[in-house]
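Please consider the following sequence and structure. A short briefing on selected features is requested.

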Amino acid sequence: MSFFVSDRAPANRVSGYKRRIVLYCLGALLLLLVAVAMGAAIGETAIPLDVIGKTVANRIFGAGYTLDPIEEGIVWSYRISRAIVAASCGAALAVSGAVLQSLLRNPLADPYLLGLSAGASTGAVLVTVIGIGGGMVSLSVGAFWGAALAFGLVALLAKAAGGGVSAQGTGQIILAGIAGSQLFNALTSFIITRSANAEQARGIMFWLLGNLSGVRWDDVWLAVPVAVGGVAVCIWHMRALDAFAFGADSAASLGIPVRRVQVVLIAITALMTAVMVSLVGSIGFVGLVIPHAARFLVGVRHGRLLPVTALTGAVFLVIADIVSRTAIPGQVVPIGVITALVGAPGFALILIRGRRMR
Amino acid sequence: MMLRAENLGWTVRSTAIVRDISLSVREGEMLGILGPNGSGKSTLMKMLAGILAPSSGTVTLKGQPMAALPRRSIAQILAFVEQHAGTAERITVQDAVELGRTPWLSAIEPWSPRDDAIVGRALADVDMAAMTKRLWHTLSGGEQQRVHLARALAQQPTILLLDEPTNHLDIEHQLAILGLVRALPITTVVALHDLNQAMNCDRVAVLDGGRLVQIGPPSEVLTAQLMREVFNVRASFLVDPEDNSRVIRFQPLGTPAVNPTLIKEDHS
């Protein structure tokens, strides 16, 4: 038995590794650009890619191309902003799901596990149906505070149930999340059945299943920093997340400050999810399925898993949005319906293939 | 003094699991922790590893109170292999052992070929180098235990804490693992069930009902009287003529004593 191992690292191998990372990042960025360009081009009126390029050049660099102002308006004010928000939302939800699954060691964990979507819908209903805030508060703001309140309650309940987010407490937070979700869903139903008219109920229903129709540039400036920052924080913790593979005690013995990592990561996923839910409603399946799909592609190590999860989630949601706008002419299908319709069979395929791989 | 426990206690719902244990682990020794089921071995090990905060008392690592040390610094000195740590992740043997490098890596010190070499060495030491691509859930209990040990070795600790490392192992691998642990040029604390295996430790600490009953060289501590009082068995000592080492034979209390000299060696 010898502990002596040479200290000299072949320098070329390390620099090759760095070059690979840069290449992957460029590739990912290119893929995102293609997805957003597709999101801008495809729709009820198809718009050629050169018009999209020229629109972006006009708006960002003041290039001064002459374009049909209606087409330019559609591309810039509606489709590009919408595609960017869809991409941010997909990345944030998918990474939140992956992080919660690893941290809580539960393959069924998803971003809505902590009561966030249920709280958001209660908040949205309180604003639109009951009229809290007297019209000064938007649906998004109501949804955000509903989500934040629900998460706060779930976290408190988990803590009171023993453990909070400590080593033994992962079961408690899942149970607390279920209890919180049930409570807020019941509240939402109660308010709708008591106070909402048919049209309001339909509007709420539509919003709950995910809706990117109202997205504008203001939303981009919120969604992009939250998604990029949140995903970056999660990737920063990649080794800590790896260390949770054998449980919190094992992570602690590998030098991970378990409690701090759990608090930081659960808070950041809750923040990302709350912001996304408040912008576009609760889009299901992305946070549950995309991380599993990414695991089958690149394995369980978070250094690869989280970037791939983010990219897959982003591209998936942009495509799902395109389908939701174009599937039925003249009508938008809620994007949550599309993600579930595609996600459920896709997930089934992954499960069956995974069984064969064993 | 490498690792020191002072008046350690751990209480859950007013039941004391560990009471007032003080002991010091000496540099380079192999200290065995013995005791019947429920005597507090695992709880003591977790407190010594700094994973469980004691209800009373303190643990000091190289003279510093463990509660004040960052987890990362502790993990660079001390590795711990707990009992029954499993995972549902599709993690490979290589991935699992690479986790051992976690306390040494950061954004400024990323994975290097040196880490590859350390991991390769650890895998070879536990005889798992040929199985690096195997998935965790396809391994036998013994193979999983060896992977855990390799992960702890990859941590390059100066103190290694093992909670019943020979559980689930066949006899060949029991002897191999204990031989390997014994040959390590580091300090080891091992919770053990097999009292004959404990005879190979430099010192043993015997727990009963959460208290430290005795600590010292195994030949002095493991007496027939202690076996009767702590483990509720009758022990007789035989001498293996091959190397004159002492072997303990156990029988339930209440069975008639057998004169060891009457036992015939069967060399056929």
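The briefing below treats chain A and chain B in turn.

This is a predicted model, in which local features need pLDDT of at least 70 and side-chain atom pairs count only at pLDDT 80 or more, while totals for chains, interfaces and linings use all residues. Residues are numbered from 1 along each chain as its sequence is written, and chains are lettered from A and ligands numbered from 1 in the order in which they are written.

**Annotated spans of chain A**
- The unreviewed UniProt entry assigns "transmembrane region" to several spans of chain A, including residues 21-42 and 220-241; such annotations may be inferred rather than shown by experiment.
- Residues 21-42 of chain A are 95% helix and 0% strand, with end C-alpha atoms 31 Å apart.
- Residues 220-241 of chain A are 95% helix and 0% strand, and the end C-alpha atoms lie 29 Å apart.
- Helices (H or I, at least four residues) and strands (E, at least two) are DSSP runs, numbered from the N terminus.

**Strand β8 of chain B: burial**
- Strand β8(B), residues 187-191, is largely enclosed by the rest of the structure because five of its five residues are buried (20 or more other C-beta atoms within 10 Å of the residue's own, with C-beta atoms placed from the backbone).
- T187(B), V189(B) and A191(B) lie on one side of β8(B), and T188(B) and V190(B) on the other.

**Strand β8 of chain B: pairing**
- β3(B), residues 30-34, runs parallel to β8(B) and is joined to it by four bridges; strands pair if DSSP finds at least two bridges between them.
- I33(B) has A191(B) as its bridge partner in β8(B).
- Five bridges join β7(B), residues 159-163, to β8(B), also in parallel, and L160(B) stands opposite T188(B).

Technical notes:
A residue is buried if 20 or more other C-beta atoms lie within 10 Å of its own, exposed if 12 or fewer, and partly exposed in between; C-beta atoms are placed from the backbone.
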